[in-house]
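Biologist: Could you take me through the aromatic residues in this one, and what they pack against? I'd like a close look at that part, with the cut-offs spelled out.

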Amino acid sequence: MHYLKRVQQGIDYVEAHLDTEIALSDVAKAAGLSQWHFQRVFRALTNETLKTYIRSRRFAKALDQLLGTQLPILDIALAAGYETQESFTRAFKSCFRITPGQYRAFGSRSLFVKKVELDADYLRHIHRNVSLVPEVYEQRAMQLVAMRTLFYGIDSEKNNLAKKLPPLWAGFLSRLGEVPHAVPGVCYGVVSPVRESSDQLQYFAAIEVRQSAALPPGMQAIEVPGARYAKFAHQGAAQGIDNTVNYIYSSWLLSSGTAHGGGVDLEIYDSRYHATSDASLMHYAIPIAQ
C-alpha cells in the first residue's frame, strides 16, 4: 500500500477520535506502520509532529464548537482532552492570546488564519546538499562496538537530539583507541526505536570491529544485520541532517516503490566528514524492502 494512503488512514483515525484519548501507537497501528516510522513520515510530510497535529485538530474542533454551538466551555474542554476548563483556557490563551469565552464573544473565525509559508532552507538544501537519487546496495552484517544514549528526535515534541548526540560522540571519539580490533576509517551512527510503542529512540556512536574481544568500560557490542540499504549523500554541517532525512522519508520513500525495511538507520562518517566545513560529506542510509 502506498505510504500516502497509510498516512491518510492515520489521519482518518485521528479525526474519528478527537473526542477521546488518542495514543500515538494506535494512530500508527491504524496506518499499518510502526509508531516510529509513522511519526517520521508524518513529520517529513507536514513539518509538524503528530502530537502537535492532534492538539491543533482538537483546537480547530473546539473553535467550531465555540462559535457554532451553545455547549458549555467545560464540555468543549473535556472533549478536547483537557481535564479542567482552567487547563483548557490556559492552553487556549497561550495559543491564541485570548480566552475561549472572549473568542466566543468576538465571534470571528478569520482572526486565526495563518499564511502558509514554504521552507526556503529546506528547498535550498534538497537542491544543493543531498543526493536526490541514492546508491542502493547490500549492506553486509557488521559487528560494532558502541556507546549508547536515549533521545527524542525531531518527530517528537520532546526533541532533545542536539543535547544528547554531541556529548556522546565527543566521549566516544576520545576513546576510540580503547576498542580492540577496530576497523579504522569509518564510524557509524546507528538509530532505532527503543520499543514499538514509543517515540523515544536509541542512538549508538559506533565503529566496526573485526572480531569480538573484551569491551572497554561503558561500551557495548551490537550487530547490524545484513540488508538492502538506500544511501544518500549529505553535504554540509551535520546539523542539517534533519533536512536530508525529511527528504528521504517524504519525497523519496513515498515515490520509490519501496518501504522501510524495519531495521536500523545508519549515519556513515568517513575521512570526508569535517565537522566545521561546508564541504563536509557524510551519508545517511535506510534499510529498504519491496
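Modeller: Here is a walk through the aromatic pairs, then the core and the charges beside the rings. Keep in mind that this is a predicted model, where local features need pLDDT of at least 70, side-chain atom pairs count only at pLDDT 80 or more, and totals for chains, interfaces and linings use all residues. Numbering starts from 1 along each chain as its sequence is written, and side-chain values use heavy atoms, with hydrogens and water left out.

Rings of Phe, Tyr and Trp (its six-membered ring) pair if their centres lie within 6.5 Å; planes under 30 degrees apart are stacked, over 60 edge-to-face, and the rest tilted. That rule gives 16 aromatic pairs. Take Trp 169 and Tyr 269: the ring centres are 5.4 Å apart and the planes sit at 70°, so this pair is edge-to-face. Trp 169 belongs to helix α9 (residues 161-173) and Tyr 269 to strand β8 (residues 265-269), so the pair ties together parts 100 residues apart in sequence. Helices (H or I, at least four residues) and strands (E, at least two) are DSSP runs, numbered from the N terminus.

Trp 169 is buried, at 13% relative accessibility, and Tyr 269 is buried with a relative accessible area of 13%. Buried means under 20% relative accessible area, exposed over 50%, and partly exposed in between (1.4 Å probe, protein chains only). Tyr 269 also pairs with Tyr 273, with centres 4.9 Å apart and planes at 75°, so that pair is edge-to-face. Tyr 273 is partly exposed, at 25%.

Tyr 203 leads us into the largest nonpolar core: of its 52 residues, Phe 38, Tyr 203, Tyr 249, Trp 252 and Ile 286 touch the most other members. Such a core is a set of buried Ala, Val, Leu, Ile, Met, Phe, Trp, Tyr and Cys residues joined through side-chain atoms within 4.5 Å. Its largest share, eight residues, comes from helix α10 (residues 241-255). Leaving out residues up to four places away in sequence, Trp 252 has contacts (heavy atoms within 4.5 Å) that include Leu 132, Phe 232, Tyr 247 and Ile 288.

Then there are the charges. One sits over a ring if NZ of Lys or CZ of Arg is within 6 Å of the ring centre and within 35 degrees of the ring normal. Arg 40 lies over the face of Tyr 249, 5.5 Å from the ring centre, while Lys 231 has its charged end over Tyr 137, 5.2 Å from the centre of that ring.
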